[in-house]
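The following exercises concern a strand and its surroundings, and then a ligand site. Please inspect the sequence and the coordinates before reading the solutions.

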Amino acid sequence: MKNQPQSPYPLIARKPADPQSYGFSYNSVEFRQNNLQICAGLNAVDNIDNVITVMRTLQQFGLTCTRMGVFKPRTSPYSFQGLGEQCLPQVLEQAGKFGINVIAMEITHERYLDTLRELMLRLGNPTGILLQIGTRNIQNFELLKALGKQHEFPILLKRGYGITLEESLLAAEYLAHAGNQQIIFCLRGVKSIFAEEHRNFIDFSQISTVKRLTKLPVCVDPSHAVGNLVTDPQGIYDIFHAAAQGVICGANMLLIDIHPQPELALVDGQQAININKLPWLLEDIQITHAAYLQRIKRRRLEIFSCDQDTEICSVNDNICSSDV
Ligand code: PEP
Ligand code: MN
């Protein structure tokens with residue numbers, strides 16, 4: 001048999017024609033290449049009332065994942081830098097109260113790992129934390145090594161905004177090489193003059209590229225891709241359209257900024273969906289997800305009725321075990 005050329009990122013790579021669906025389970029939540037998790041929440045925690053409002057609302061809709069920015073990497077040193085450690089105990093405790101199993105939270109320095117570890121221990125692990133590595137830190141190799149070395153927390157790695165997809169996947173390989181393979185890869189767009197009038201330019205075809213090349217579940221962040229609340233003539237937000245494009249192409253997670261009062265948000269309020277639109281957002285996602293499942297079903301029919309021998313790498317036995 002001919003040898004396959006080795007992948008530049010062998011630990012996270014999927015072998016050609018491997019039909020298996022990869023992923024992992026963390027704190028009772030499944031992050032897999034064949035399901036969809038919705039992770040809506042505050043870009044940055046500004047006060048505990050908003051944390052409670054968001055978590056209570058998510059619970060009402062049966063959602064168990066959220067995002068809560070606490071350490072914020074900002075372009076300007078004069079911008080709000082996040083509430084930091086001081087708000088952490090309350091954020092974690094409230095998550096436990098409202099049945100939130102996983103909080104996506106960016107950490108910008110490895111020292112915060114110890115902060116999180118100690119606090120989680122002291123509070124009796126009220127929730128789970130998905131460590132986010134932001135687009136700006138994707139080539140902070142010491143941070144990658146430090147976060148890759150730990151095994152308590154899985155990692156949400158955001159694609160670099162100004163590097164190639166391969167370079168971004170090599171950052172994921174750094175995490176795996178250091179020992180942690182519980183990685184979700186997040187597409188959030190790249191900086192480009194061609195993005196106008198959005199904040200970043202996102203290539204949705206990279207969802208299937210990453211799923212084909214690697215074992216990583218793929219997240220889409222439509223909030224940072226679009227970056228504003230413009231709508232089409234029907235009044236549908238471009239952010240909803242970007243979320244839908246992610247879902248129809250098989251994204252496994254959506255990371256979305258919501259806020260009880262976007263006009264008062266201290267970070268990225270211009271892209272935060274008002275929380276009163278959450279029912280609409282969820283229904284919109286459900287509509288698209290049903291269409292995605294139809295597409296999978298149609299492909300299965302194709303395989304089982306006419307080309308049984310076809311090699312496939314995207315269809316698997318429990319593809320319909322979706323969480324949405
Ligand atoms: C964020 O999710 O709040 C964030 C800073 O994202 P990114 O790293 O993609 O800019
Ligand atoms: Mn942001």
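Two exercises with worked solutions follow.

The model is predicted: local features need pLDDT of at least 70, side-chain atom pairs count only at pLDDT 80 or more, and totals for chains, interfaces and linings use all residues. Residues are numbered from 1 along each chain as its sequence is written.

**Exercise 1.** Determine whether the residues of strand S5 are buried or exposed, and which strands pair with S5.

*Solution.* Strands are DSSP runs of E with at least two residues, and helices are runs of H or I with at least four. Buried means under 20% relative accessible area (1.4 Å probe, protein chains only).

Step 1. In S5 (residues 102–106), 5 of the 5 residues are buried, so the strand is largely enclosed by the rest of the structure. Val102, Ala104 and Glu106 lie on one side, with Ile103 and Met105 on the other.

Step 2. Pairing requires at least two DSSP bridges. S4 (residues 65–67) runs parallel to S5 over 3 bridges, and Cys65 stands opposite Val102. S6 (residues 128–133) is also parallel to S5, with 5 bridges; here Met105 faces Leu131.

**Exercise 2.** Identify which side chains have polar atoms close to oxygen atoms of ligand 1, and how much of the ligand the protein buries.

*Solution.* A polar contact is a pair of N or O atoms within 3.5 Å.

Step 1. The distance to a ligand oxygen is 2.8 Å for Arg67, 3.0 Å for Arg136 and 2.8 Å for Lys158.

Step 2. Taken alone, ligand 1 exposes 290 Å² (Shrake-Rupley method, 1.4 Å probe), and the protein buries 97% of that area.

Definitions and conventions: Chains are lettered from A and ligands numbered from 1 in the order in which they are written. Side-chain values use heavy atoms; hydrogens and water are left out. Buried means under 20% relative accessible area, exposed over 50%, partly exposed in between (1.4 Å probe, protein chains only). A polar contact is a pair of N or O atoms within 3.5 Å; within protein, one must be able to donate a hydrogen and the other to accept it, and residues adjacent in sequence count only if both atoms are side-chain atoms.
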